[in-house]
Amino acid sequence: MATVGGSDDNEWQKLSPDQKVQHKAWKARMTGYEECVKLFRTQNSDQSPEFNKYVNLMKKFVIDSNENAREKALDAVFAFVEEANIAGRTVNDVASGLITKCLNSRLKMKERAYEILLMYIEIEKQIEIEDELVKGLENKQPKIVQACLEILRKGLSEFGSKILPIKPFLKQVIPLLDDRDKTVRDESKLLIVEIYKWIGKQTLMPMIQNVKPIQMQELQTEFDKLDLNGIDKPRQTRFLRSQQDLKQKMEETVVTSSVAIEDTNVEMQEDLDPFEMMEAVNILERLSKDFFEKIESKQWKDRKEVLDDLLTLLTQNPKPTSDSDYSELVKVLKKIVAKDSNIPVVLVAAKCLTALAKGLRKTFKNYAAGIIEVCLDRCREKKTNVIEVLREACEAAYLATTLEQFSEVAVILLAHKTPIVRQCTQQFLTKCFSMATQITLPKKTLKIYLLPLIKNTGEADSTVRDSAFESLGMLWKCLGEKHILPNLTDMDELKLNKIKEYAEKSVLLNLRGEPRSTAPIIMAHTTTTSPISSITNKSNSKLDEESKHSKPPIIVKKKPIVIAKPPPPPVSTNETSEEKKKESRPLKAPAAPISNVVPRISSCRNKQTVINTSSSNVKTNISKPRPVTALPSKSTTINTQSRTQRLTPVVQTSTTKIRSKPPISTNRRSSFGSTISSSTSNLQRQSSSTGGSTSSLSSTNTQASIPCTNSQTPTPSTITILRSVSNDIISSPNSSNINTKSRIPIRTMPINIVKKSLT
């Protein structure tokens, strides 16, 4: 065969494409690769015999010694894998060659290698590709390791964990978080985050618990950024050849609703059981040789030490082998929970039982009922932390049994002599009932539970009664009224209402302990509304606003007290009684020598005005106006509040010193002034008797008589009664002629009015 550069340069051009790709000259091979691409794309069928010529040549394509020729060769390989039906036969040779020769080459070649490997997954050769990539993780070149991690991440992101299983490569990825090469560390962290999206925190965290704290903190930071219910929710975006009908269906549903895609992905994720990804470990083989000897030791520290080791072993290996015999181990742990006097040892043993029950799942059914009985009986300790750990062990064991299998043990515990054991048993049953259905709780089994529960509703202990009502309420919620009510015919109405109240509060759970979704699925459509509906909505909202504003706020106004005066002053109806009081109250004189007179007050004998000043309801009962016989001086303002009160008169005794006073004039206007002057002179005499000091008059105030508003004419014997600190009484000389019925109400007058009247 002629070589390039010789005299026969054009001889290789006459060769067929399958011969050119085997030529020694790289230019001939490169030309042959280009011709192969056209040949593969133009075949009428994926079963064309032309593809058979190149099956054994694909391995040489990807390891071509010349990089320029290899770049063209990868294009031919990609076309072959995409078009040929027999491309799956080349997966192992091509994949290994791509990983070793192409993933550490130039960028364009590296990207084409990615596409070929993902195309092999699309033609359903994902297991072979995954195995080759896992081998590539052990390569000494960091570039190849980083590229293998990136392909795994892209394949998982596009195809999902159902098509590209996580279990085969997860163990090899975790140590790479601590690799010396930064690109490898970063890419492995991105892959762990992608894994977290598909299997969740609950499954992933036990597998990465041995990661260094700094790396764990970095991962936790990335986990917290994710919104798994929104934009970061994992979705399959690329499909296998056998899933093309599903791809077409999903593309059609994109136009109508986005919920359909989410429902499909949810259905696909539910088929994935993360627990199945874990590797089963024989726990019994890894126990220390002296385990059963130390666990029987009299020293509690020895017992706790071996139990701590067992708990660590179960935590690191959450999936024990199901075909091993754990009866001896369970028997020892049960004995510790039931009889050990040291509480810390009991707690560790209960945690070991919880981990063992969660790991064995249904294979734990032979031990489940006995474990629940022992743990509920130990609740007699009455310590919150102990009860919580024991309850977790019961709930883990219950997943391996049924209510029917557990019924005999439950009846014994519901009649336990210790109230707290009955209470904890009923609380545990409430959780079990929340996950029950009519199939798992038939009528025959239901009657077994109802009798002791109904009996406990009449117990003296309130906690036992309440927990019994709660259990019956959960049964009511779970099975319905028609199944429970016929069994409660003898129960009084109060107890029945209590059960209904708990039934309304109850929440039903699924087997995973999550609330059941009772709401129907609603297809989410675009939020476009017709212009007519938007206009009507706007108009309705405007009408509502107008109707709200059209109703004037209810204002309760207090009616002022009407006093007949000649001429009657105009009274504003909008003015409240409190504002009128403030306006009519005169200002105190700043330099007044007299202050703080507190007269004795008694209720007026005449019909008074009743004012209720509450904010919610104001009622004003106004008495009939009484005629005014005389007007006060211009400087005097009548305070309506003072009319509702009257000073209590002081009855003069024989021992009281009487001071002479000029007779009061019958003229109303002049008597008002003379009364003020006489009282003022009297106050001055008292002030002079105390050496000009006003301290003795600290509790006195100037007082004057107010014209009587009664219809009868006042008698000349009207008096003014003043009380000073010395208890002296100032009265009329004719004290014996006092008519008690015609006493005139006395009003406290400010000092500035007194001064004006004196002038």
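A: A salt bridge is a side-chain nitrogen of Lys or Arg within 4 Å of a carboxyl oxygen of Asp or Glu. Side chains of opposite charge can pair when their charged atoms come close. The model is predicted, so local features need pLDDT of at least 70 and side-chain atom pairs count only at pLDDT 80 or more, while totals for chains, interfaces and linings use all residues. Residues are numbered from 1 along each chain as its sequence is written, and side-chain values use heavy atoms, with hydrogens and water left out.

Q: How many salt bridges does the structure hold?
A: The structure holds 32 salt bridges. One of them joins aspartate 377 to arginine 380, with the closest N and O atoms 2.6 Å apart.

Q: Where do aspartate 308 and lysine 304 lie in relation to each other?
A: Helices (H or I, at least four residues) and strands (E, at least two) are DSSP runs, numbered from the N terminus. Both residues belong to helix 16 (residues 300-316), 4 residues apart, which means that about one helical turn separates them.

Q: Which helices does the salt bridge between lysine 431 and glutamate 395 link?
A: The closest N and O atoms of lysine 431 and glutamate 395 are 3.4 Å apart. This pair links distant parts of the chain, 36 residues apart: lysine 431 is in helix 22 (residues 419-434) and glutamate 395 in helix 20 (residues 384-398).

Q: Which residues are linked in a network of salt bridges?
A: Glu67, Glu71, Arg106 and Lys108 are linked in such a network.

Q: How is an aromatic pair described?
A: A pair of aromatic rings is described by the distance of the centres and the angle of the planes. Rings of Phe, Tyr and Trp (its six-membered ring) pair if their centres lie within 6.5 Å; planes under 30 degrees apart count as stacked, over 60 as edge-to-face and the rest as tilted. The structure holds 11 aromatic pairs. Among them, phenylalanine 291 and phenylalanine 292 are edge-to-face, 5.1 Å centre to centre with 90 degrees between the planes.

Q: Is phenylalanine 291 buried or exposed?
A: Buried means under 20% relative accessible area, exposed over 50%, and partly exposed in between (1.4 Å probe, protein chains only). Phenylalanine 291 is buried at 2% relative accessibility, whereas phenylalanine 292 is partly exposed at 29%.

Q: Which residues form one aromatic cluster?
A: The cluster consists of Phe40, Phe51, Tyr54 and Phe80.
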